[in-house]
Amino acid sequence: MSKTMHSQRDIGLDISRIVAFISVACVHFFLNTGFYQQPVVGIQMYLMVLLRTMFMVCVPMFILLTGYLMSNRNIDTTPKALGAFYRHQFPIWLSYVLATTLIILYRTVILHEPFTIAGTMQNILGFSQYSWYVNMYLGFSLLIPFINLIWKGISSKNGAKVLLLILFVLTALPSVLNTFDFQTPGALGQPWLAVSNMKIVPDWWTSIYPITYFFIGAYLKKYVNIKSLRTGWLMLLFILSVILFTANNIWRSYSKPFVWGIWQDWGSLQNMINAVLLFLILNSFCYPKGFQLGKRFLSYISSLTFSAYLCSWITDNFLYSRFCEDVPVMARLQYFPIMVGLTLVGSLVLAAVIQFAVKVLTSIKIPYRW
């Protein structure tokens, strides 16, 4: 990449992607250290709930970034234009196949699991390990040219606001209103006693939350001058938001193992607010202009995050299996930065190997017709 391209590159977007990736590793710390089996009682558990609440922005930010970057692209829906767009996505899917193949090799050589061709294909096509996001993004990327047609067909800012409002009602509002148990005695004031929650609003469409985040990113790109926003106020709002939602999450799981409910799922109101605020913070900041070497480094790390996310299953399995044998559950939080740091470094190294292999394979010219 040339110096001119680096100088024009928006460093805030690279940092946003890197922060989202770091957040993935942080959330996986709780997944791999027994957090979900411990009752939510005591300062240490409250702190862990706070950290989990803050880092759950990872998936929302990745999708929001997709909307911010892709919504202004003019993609014709002719077969030739669609073919060109989908071919451009090929390195992503090749990265997935190579990363999954590396995971299968690890499971075979290090974990001594039996290897079969059928099992390998099932693993790749079944989107195992941490690949549920890829499963979602595969279909989402196929729809992007047509989602963009919807966005470009909305001619006014008010029309865009109405679309976002409708998507909010369909995907996020249930995470606020469908979280109460009106039948179990005392459950309204003590939600940890809840057995089931009553549906107040329809929740069938909650699973289309990626489209909501995509259009939020598109709206920010088109209608919001992010650089004009005051970073300090955004940071204050983010801190208050995290504290408020942490208190709610503690309250709902108090004295019980942490409950992953709809109020803090990926498409929930709390993750939507936190992700948007963090994205605005990272992109409202004015980064130094003469930061060329740093821009190149951040751009490179940003390009590795997709493969690193997939490969982090290997580093997580290798590190946490040993860590959890030696460190008691309630003493693990103090190792949080060390374990997350080791996971990040290890997965980025593996991702660099994957990216090199992708560049070699995609440089091979194969004649085709569309």
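**Salt bridges**

Begin by selecting R17 and D14, whose side chains meet in a salt bridge with an N to O distance of 3.8 Å; the term salt bridge is used here for a side-chain nitrogen of Lys or Arg within 4 Å of a carboxyl oxygen of Asp or Glu. This is a predicted model, in which local features need pLDDT of at least 70 and side-chain atom pairs count only at pLDDT 80 or more, while totals for chains, interfaces and linings use all residues. Residues are numbered from 1 along each chain as its sequence is written, and side-chain values use heavy atoms, with hydrogens and water left out.

Both R17 and D14 lie in helix α2, three residues apart, which is about one turn of the helix; helices (H or I, at least four residues) and strands (E, at least two) are DSSP runs, numbered from the N terminus. R17 counts as buried at 18% relative accessibility, and D14 is buried as well, with a relative accessible area of 2%. Here buried means under 20% relative accessible area, exposed over 50%, and partly exposed in between (1.4 Å probe, protein chains only).

Take R107 and E113, where the side chains meet at 2.8 Å, N to O, and where E113 counts as partly exposed at 29% relative accessibility. Then select D203 and K199, whose closest N and O atoms are 3.3 Å apart; D203 is partly exposed, with a relative accessible area of 25%, whereas K199 counts as exposed at 57%.

**Aromatic pairs and charges over rings**

A search of the whole structure finds 33 aromatic pairs, a pair being rings of Phe, Tyr and Trp (its six-membered ring) whose centres lie within 6.5 Å, with planes under 30 degrees apart counted as stacked, over 60 as edge-to-face and the rest as tilted. Select Y36 and W260, one of these pairs, which is stacked because the ring centres are 6.2 Å apart and the planes are at 20°. Y36 lies in the loop between α2 (11-32) and α3 (43-55), and W260 in the loop between α12 (231-253) and α13 (269-284), so the pair ties together parts that are 224 residues apart in sequence. Of the two partners, Y36 counts as buried at 16% relative accessibility, while W260 counts as partly exposed at 37%.

For a tilted pair, select F180 and F182, with ring centres 6.2 Å apart and planes at 50°; F180 is partly exposed at 28% relative accessibility, and F182 is partly exposed at 44%.

**A buried leucine**

What does L163 touch, not counting residues up to four places away in sequence? Select L163 in helix α9 (residues 157-171), and its contacts (heavy atoms within 4.5 Å) are W151, I154 and F215. L163 is buried, with a relative accessible area of 18%.

**Last stop**

Finally, select F318 in helix α14 (residues 292-326), which counts as partly exposed at 38% relative accessibility.
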